[in-house]
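Let's take a walk through this one together, starting with a pair of helices and ending in a loop.

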Amino acid sequence: MREILPARERVPEYHYACPESKALIETLADASLAAKAAMADVLEQFFVNTATWSLGLWEAQVGLKTDESLPPVVRRAAVQRQLVSSGNTTAEMVRELAESITGYQARVLINADYSFSLEFLGEKTTLADIDVSEIRAVVEQIKPAHLRFIISGLTWLDVESIGLIWQWFDDNPTTWGEFESKFCIHGKE
């Protein structure tokens, strides 16, 4: 486990002339570097994004069943969703949760009829690939029971109402932000 140490941590060369001193210095250096690596590893376990061997502890903490067959990335995402979903549910919390699950920008609209809508935004000109059932399951788990949850999306009726056809989208690749700024859909301006 040889590592080049900064000058201030190096032992002067004349100490290496004695075989006993050299053996002691190298043994202590190896032990010190191993302790440093172990401390860095333990520090990584304090954060879900870098946790490895402590993922089971994180899962137990948030009430998830440990499934070692799942990749660490999936297990970390499940823990993060549980952590985000604890506490009072707010529009900001739902937005952050949706963004962390999908990778797309999201917006939450609170409606007067005891419902709230989730819309996805973004700077991509392709159709969004979103697992709606996963988002619905997570949001239904954290939302107050008296509120209705709606995932809003652009429908063909919305497109036809402003006189567009699919050919327009083929001819004019556009992001959602650009599209919204050109056209008023669902009363948004």
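At what angle do the axes of helix H2 and helix H3 cross? Keep in mind as you look that this is a predicted model. H2 covers residues 55-62 and H3 covers residues 72-84, and their axes cross at roughly 30 degrees, coming within 10 Å. Angles under 35 degrees count as roughly parallel, so H2 is roughly parallel to H3. As for handedness, the crossing of H2 past H3 is left-handed.

H2 brings Leu-55, Gly-56, Trp-58, Glu-59 and Val-62 to the contact, while H3 answers with Pro-72, Arg-75, Arg-76, Val-79, Gln-82 and Leu-83.

Is Lys-143 buried or exposed? Its relative accessible area is 12%, and under 20% counts as buried, so Lys-143 is buried. A polar atom of the Lys-143 side chain sits 2.5 Å from the backbone oxygen of Leu-147. Setting aside neighbours within four places in sequence, Lys-143 is in contact with Thr-89, Phe-116 and Phe-149.

His-146 also has its place in the loop between H5 and S3. With a relative accessible area of 54%, His-146 is exposed. Look for Tyr-114 too: 32 residues separate Tyr-114 and His-146 along the chain, and their C-alpha atoms are 7.3 Å apart.

How values were computed
Residues are numbered from 1 along each chain as its sequence is written. This is a predicted model: local features need pLDDT of at least 70, side-chain atom pairs count only at pLDDT 80 or more; totals for chains, interfaces and linings use all residues. Side-chain values use heavy atoms; hydrogens and water are left out. Axes are lines fitted to C-alpha atoms, for helices over the stretch in contact, and angles run from 0 to 180 degrees between N-to-C directions. Helices (H or I, at least four residues) and strands (E, at least two) are DSSP runs, numbered from the N terminus. Angles under 35 degrees count as roughly parallel, over 145 as roughly antiparallel, 65 to 115 as roughly perpendicular and the rest as oblique. A crossing is left-handed if the near helix is turned anticlockwise from the far one by less than a right angle, and right-handed if clockwise. Contact means heavy atoms within 4.5 Å. Buried means under 20% relative accessible area, exposed over 50%, partly exposed in between (1.4 Å probe, protein chains only). A polar contact is a pair of N or O atoms within 3.5 Å; within protein, one must be able to donate a hydrogen and the other to accept it, and residues adjacent in sequence count only if both atoms are side-chain atoms.
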